[in-house]
Amino acid sequence: MEIRYKSTRNSEVTVTASEAILQGLAEDGGLFLPTAVPSIDVAALAGKSYQEIAYEVMRLFFTDYTEEELKGCIAKAYDDKFDAKEIAPLKEAGGICYLELFHGATIAFKDMALSILPHLLTTAAKKQQKKEEIVILTATSGDTGKAALAGFADVPGTSIIVFYPKDGVSKIQEKQMVTQAGDNTNVVAIRGNFDDAQNGVKEIFGDKELAAKAKEQGYRFSSANSINIGRLVPQIVYYVYTYATLLAKGTISAGENIHVAVPTGNFGNILAAYYAKRMGTPLGKLICASNDNKVLYDFFQTGTYDRNREFILTSSPSMDILISSNLERLIYLCAEENSEVNAELMRQLKEQGLYTITEQMKKGLTDFVGGYATEQQTFDTIQRVYEQSGYVIDTHTAVAASVCHQYKKETGDDTFTVVVSTASPYKFTRSVMKALGQETDGVDDFILADRLSEYSGTKIPKAVEEIRNAPVHHTKVCDKEKMREMVSDILNLR
Ligand SMILES: *Cc1c(COP(=O)(O)O)cnc(C)c1O
């Protein structure tokens, strides 16, 4: 069955998978969604490898890619860049199952999609016979940036420009980005927060004049942000893989529902879980975990999405987000794929900073449970999990573990639950060590990593060792209003 892609703001026009991947965002500002959801027989996949399951899932969505093309992309993405041969290992600790999505090049879950996106993109460009160089523009709250840089560095036919909020990422995250090698990589700090960076990038994408100028000089803009369908689909894979693997291990029996608890920011990861469920993976509740920036929790409680609030910097910075871009896809589905209804709500979000969905639309949210963890709860959870099981989790994972814990306590629901672990504790060492009651004031990040290693008896990941003494390659800083000029400068557009 051929699957095509349509915009959440105009259902009339459809494009192929490779066109949708190449475009990133639809011309009308909407996000691409498949015109149908293919179904999958998860039980038949029990015991298969991550790469095999990746192919079985992706071939159903990317129907204009040949088998050879897709398998080529998968082989280049999920190789020994990952330090675990399972790619996404499942770990049991204290009666909870953790899905570890942090074994890629940058020790956070965005590697799962960003190690394959460059290959999906360059393959798409070839298929569409596009000759321009692909320029990736990305706004990051920390993890996307490095994962995208690592994914695109020195990939022929591409270059990448990453914007990050100057004071909104961890020291290690910043160091990871500014030390990125590769002639085709650019990193810019902006004076503003993540939403400013994201809005700036969206505006550049909407700028037809700039795009025309770029095209004249042989460039074409594209996005690596989590709105690209080429990131969403690879994320469906690990939910299918999780279920198939638990089945093969005998942890669960065929057809049994399991819940997943997902630390959420831009709503990409959990939306992938929703798609896995719609494809037929027996997932029960999709537990959407937020930190103190609990816009999503409030939305699930009230049906009103309201970004008019203070932006809070937390110890889980990759979830410090007030506009969860991927939620638009769910809103569109809740509106029974009525793009006009969705476009109107998104207009209200843009103009007033809020919208309210109808009672009828709320019915589309029944698979989700919203929860949040305060900073204290997050820190307590890191400590509790370590004391109970000797397993160290990072702050983002702890938000989900805390919300999962609260949910089980409040409801008495003892359904088997997988907590999605989105970052290595070595990526947020300072907060993790603080939570574990260790001295951190004035201690260097890398010394802290050494101490965490000693304390927990775990090995420091290669990704951290590599940046310890790496030279800084990127020092650009700009005002949030000057992002367009920065892009022009970097590409030498006249
Ligand atoms: C990006 C990120 C998240 C949030 O994922 P979304 O898909 O944006 O909801 C959670 N944890 C970590 C470590 C991340 O990097």
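**A walk around the ligand and its surroundings**

Let's begin with helix 6 (residues 143–152), which is mostly covered, with nine of its 10 residues buried. Buried here means under 20% relative accessible area, exposed means over 50%, and partly exposed is in between, using a 1.4 Å probe and protein chains only. Helices (H or I, at least four residues) and strands (E, at least two) are DSSP runs, numbered from the N terminus.

Before going on, a word about what we are looking at. This is a predicted model, in which local features need pLDDT of at least 70 and side-chain atom pairs count only at pLDDT 80 or more, while totals for chains, interfaces and linings use all residues. Residues are numbered from 1 along each chain as its sequence is written, and side-chain values use heavy atoms, leaving out hydrogens and water.

Back to helix 6. Its buried residues are Asp143, Thr144, Gly145, Lys146, Ala147, Ala148, Leu149, Gly151 and Phe152. Just past the helix, aspartate 154 has a positive phi of about 60 degrees.

Keep Asp143 in mind, please, as we turn to the ligand. Which residues come nearest to the ligand? Of the 15 residues around it, the answer is Lys110, Asp143, Gly265, Asn266 and Thr422. A residue counts as near if one of its heavy atoms lies within 4 Å of the molecule. By class, this shell holds five nonpolar, eight polar and two charged residues. For that count, Ala, Val, Leu, Ile, Met, Phe, Trp, Tyr, Cys and Pro are nonpolar, Asp, Glu, Lys and Arg are charged, and the others, Gly among them, are polar.

Now for the backbone around the ligand. A polar backbone atom of glycine 265 sits 2.7 Å from an oxygen atom of the ligand, and a polar backbone atom of asparagine 266 is also 2.7 Å from a ligand oxygen. For phenylalanine 267, a backbone N or O atom lies 3.0 Å from an oxygen atom of the ligand. How much of the ligand does the protein bury? Taken alone, the ligand exposes 380 Å², and the protein buries 98% of that. Those areas come from the Shrake-Rupley method with a 1.4 Å probe.

The space taken by the ligand is the largest cavity. A cavity, on a 1 Å grid over the protein atoms alone, is a set of points where a 1.4 Å probe fits but cannot get out. A molecule sits in one if more than half of its atoms lie within 2 Å of its grid points.

Let me stay with phenylalanine 267 for a moment. This residue lies in the loop between strand 10 (258–263) and helix 11 (268–278). Is phenylalanine 267 buried or exposed? At 1% relative accessibility, phenylalanine 267 counts as buried.

Compare glutamine 129, in the loop between helix 5 and strand 6 (133–139). Glutamine 129 also has a positive phi, near 50 degrees. This residue is exposed, though, because its relative accessible area is 63%.

Helix 5 itself (residues 117–127) is the place of threonine 122. With a relative accessible area of 17%, threonine 122 is buried. Its side chain reaches the backbone oxygen of proline 118 at 2.9 Å, and a polar atom of that side chain lies 3.4 Å from the backbone oxygen of histidine 119. Both are polar contacts, meaning pairs of N or O atoms within 3.5 Å; within protein, one must be able to donate a hydrogen and the other to accept it, and residues adjacent in sequence count only if both atoms are side-chain atoms.

Threonine 138 is buried, at 0% relative accessible area. Its C-alpha is 7.7 Å from that of glutamine 198, 60 residues apart along the chain.

Leucine 25 gives us another such pair. This residue is in the loop between helix 1 (17–23) and strand 3 (32–34), and at 17% relative accessibility leucine 25 counts as buried. Leucine 25 and phenylalanine 205 are 180 residues apart in sequence and 8.2 Å apart in space, C-alpha to C-alpha.

Finally, threonine 302 is found in helix 12 (residues 295–302) and is partly exposed, with a relative accessible area of 44%. And here Asp143 returns: threonine 302 and aspartate 143 are 159 residues apart in sequence and 30 Å apart in space, C-alpha to C-alpha.

Key: On a 1 Å grid over the protein atoms alone, a cavity is a set of points where a 1.4 Å probe fits but cannot get out, and a pocket is an open set with protein on both sides within 12 Å along at least five of seven lines; lining residues have an atom within 4 Å of a point.
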